[in-house]
Amino acid sequence: MSDDSPDSGHAAGVPSDRYDVVVIGGGQAGLALGYYLRRTELDWVILDDQEIPGGAWTHAWDSLQLFSPARWSSLPGWLMEGAEDEYPTKEDALGYFTAYEARYQLPIRRPIRVESVHRAPDDSYRFVLHTSVGELFARAVISATGTWRNPVLPKPSGGDRFEGVQLHSAEYRNAVPFVGQRVAVVGGGNSAAQILAEVSRVAEVLWCTLEPPSFLPDDVDGRYLFDQATIRYRAQQAGLPPPPSHSLGDIVMVSSVRDARDRGVLVHTPMFTSLTETGAHWEGGRSEPLDAIVWATGFKPALGHLNALDLRTSKRRTPTRGTRSVEEPRLWLVGYGGWTGFASATVIGVGRTARQTVSEVEEALHA
Ligand code: FAD
């Protein structure tokens with residue numbers, strides 16, 4: 001039987017409370033880990049606190065488009081279907097993740113929330129996990145909880161006085177609530193550009209950014225960003241200094257963003273300095289009335305469930321070597337960004353990180 005066939009590999013069958021490995025989080029990173037764990041003889045499970053498959057993607061706005069064509073947005077073993085020149089939609093991605101879980105019969109238990117991870121008093125199981133369904137024991141833990149639970153929300157001066165609506169891109173679904181309004185979209189990345197493109201069809205929009213946004217050429221997509229990450233990774237592996245960055249840009253010109261440019265609305269303005277009850281102020285005396293602000297200002301890793309392990313943290317990161325915690329040798333972290341493995345926050349990149357992580361876990365548990 002081919003190792004890539006849907007029903008090969010080992011999976012934990014009957015739910016138990018003791019495992020060799022518990023993966024926390026069933027988003028794309030959890031699935032990639034599952035793909036490689038099923039090739040091992042370990043007893044393992046994935047715990048996910050959502051009702052349905054898809055992780056962060058289930059919380060994305062309705063019109064979200066991926067950065068790269070389907071084949072370049074695929075997890076290990078099985079390509080997402082789709083045309084070479086089309087960016088998959090949120091629905092395409094959710095359909096793919098759902099089918100992927102089923103295809104490989106990944107043992108995902110949901111909804112189960114891991115409240116906290118502790119060192120276990122019993123030596124044979126290193127960790128005890130306090131979960132929404134009781135205690136579970138694990139010899140190793142892989143944390144793959146993503147970032148969507150931790151939106152970054154700047155606090156501008158006067159922010160509490162603003163009487164309009166403020167929401168983060170994590171809560172944004174579509175432009176319907178903003179029809180006929182004056183809306184500021186804050187942030188210089190892909191989320192801001194896609195949300196601006198949509199809201200500007202029904203509202204008057206100001207695009208506020210700290211730095212001027214940089215756009216990729218129309219014929220260049222997320223594969224370029226991935227290739228750049230690969231070059232940096234290879235240099236790091238070879239012990240070389242990071243290569244100079246020749247970034248062509250950050251924002252991928254998916255169809256909605258190209259359309260916004262063609263309508264003349266893809267125009268940024270500097271970040272405002274304060275808010276009042278009814279609008280925003282800029283240095284130099286400019287002020288604008290606003291009904292709403294959409295903060296597309298990014299996310300931080302969701303690591304609160306690891307607090308009881310008392311690991312050093314800085315800027316919501318904890319030191320890792322590759323994906324392995326420097327301070328807790330039976331803990332790995334996957335998917336949060338480049339600091340947890342090569343391109344590990346992308347669908348295509350997390351496969352390589354997951355393979356390496358599973359091989360380390362296997363080695364550690366068999367040692
Ligand atoms: P998540 O998808 O967040 O999965 C983590 C899971 O763990 C979630 O289900 C969460 O609820 C659960 N969880 C969290 N805490 C606990 C807990 N304590 N107990 C149990 N479960 C828990 N990436 C690409 O590769 N290609 C793209 O084209 C692309 N386009 C993007 C476009 C935009 C506009 C944005 C904003 C992002 C895009 N991304 C893209 C990035 C991608 O969405 C995320 O990086 C990715 O979802 C992270 O996957 P993950 O598995 O690490 O985390």
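Me: Which helix is included in what covers the buried residues of helix 4?

Reply: This is a predicted model, in which local features need pLDDT of at least 70, side-chain atom pairs count only at pLDDT 80 or more, and totals for chains, interfaces and linings use all residues. Residues are numbered from 1 along each chain as its sequence is written, and side-chain values use heavy atoms, leaving out hydrogens and water. The buried residues of helix 4 are G222, Y224, F226, Q228, A229, T230 and A235 (buried is under 20% relative accessible area, exposed over 50%, partly exposed in between, with a 1.4 Å probe and protein chains only). Among what covers them (contact means heavy atoms within 4.5 Å) is helix 6.

Me: How far does helix 4 reach from its first C-alpha to its last?

Reply: Helix 4 spans residues 222-237 (helices are DSSP runs of H or I, at least four residues, and strands are runs of E, at least two, numbered from the N terminus). With 16 residues, 22 Å is expected (1.5 Å times one less than the number of residues). The reach is close to that, at 23 Å.

Me: How are helix 1 and helix 6 oriented to each other?

Reply: Q28, A29, A32, L33, Y36 and L37 of helix 1 meet V347, V350, G351, A354, R355, T357 and V358 of helix 6. The axes come within 8 Å and cross at roughly 45° (axes are lines fitted to C-alpha atoms, for helices over the stretch in contact, with angles from 0 to 180 degrees between N-to-C directions). Under 35 degrees counts as roughly parallel, over 145 as roughly antiparallel, 65 to 115 as roughly perpendicular and the rest as oblique. Helix 1 and helix 6 are therefore oblique.

Me: Left-handed or right-handed: how does helix 3 pass helix 5?

Reply: Helix 3 (residues 190-199) and helix 5 (residues 255-262) pack at about 60°, with axes 9 Å apart. A193, Q194 and A197 of helix 3 make the contact with S256, V257 and A260 of helix 5. A crossing is left-handed if the near helix is turned anticlockwise from the far one by less than a right angle, and right-handed if clockwise. For helix 3 and helix 5, the crossing is left-handed.

Me: What is the omega of the peptide bond from R110 to P111?

Reply: Most peptide bonds are trans. P111 lies in the loop between strand 3 and strand 4 (114-119). The bond from R110 to P111 is cis, with omega near -5°.

Me: Buried or exposed: what is D310?

Reply: D310 has a positive phi of about 60° although it is not a glycine. D310 sits in the loop between strand 14 (292-295) and strand 15 (320-321). At 68% relative accessibility, D310 counts as exposed.

Me: Buried or exposed: what is A343?

Reply: A343 lies in the loop between strand 17 (331-333) and helix 6. A343 is not a glycine, yet its phi is positive, about 45°. With 15% relative accessibility, A343 counts as buried.

Me: What relative accessible area does A70 have?

Reply: A70 lies in the loop between strand 2 (44-47) and helix 2. Leaving aside neighbours within four places in sequence, A70 is in contact with M80, E81, G82, A83, E86 and P88. A70 is buried, and its relative accessible area is 1%.

Me: What distance separates the C-alpha atoms of R38 and Y104?

Reply: R38 is in the loop between helix 1 and strand 2. R38 counts as buried, at 1% relative accessibility. R38 and Y104 are 66 residues apart along the chain, and their C-alpha atoms are separated by 8.4 Å.
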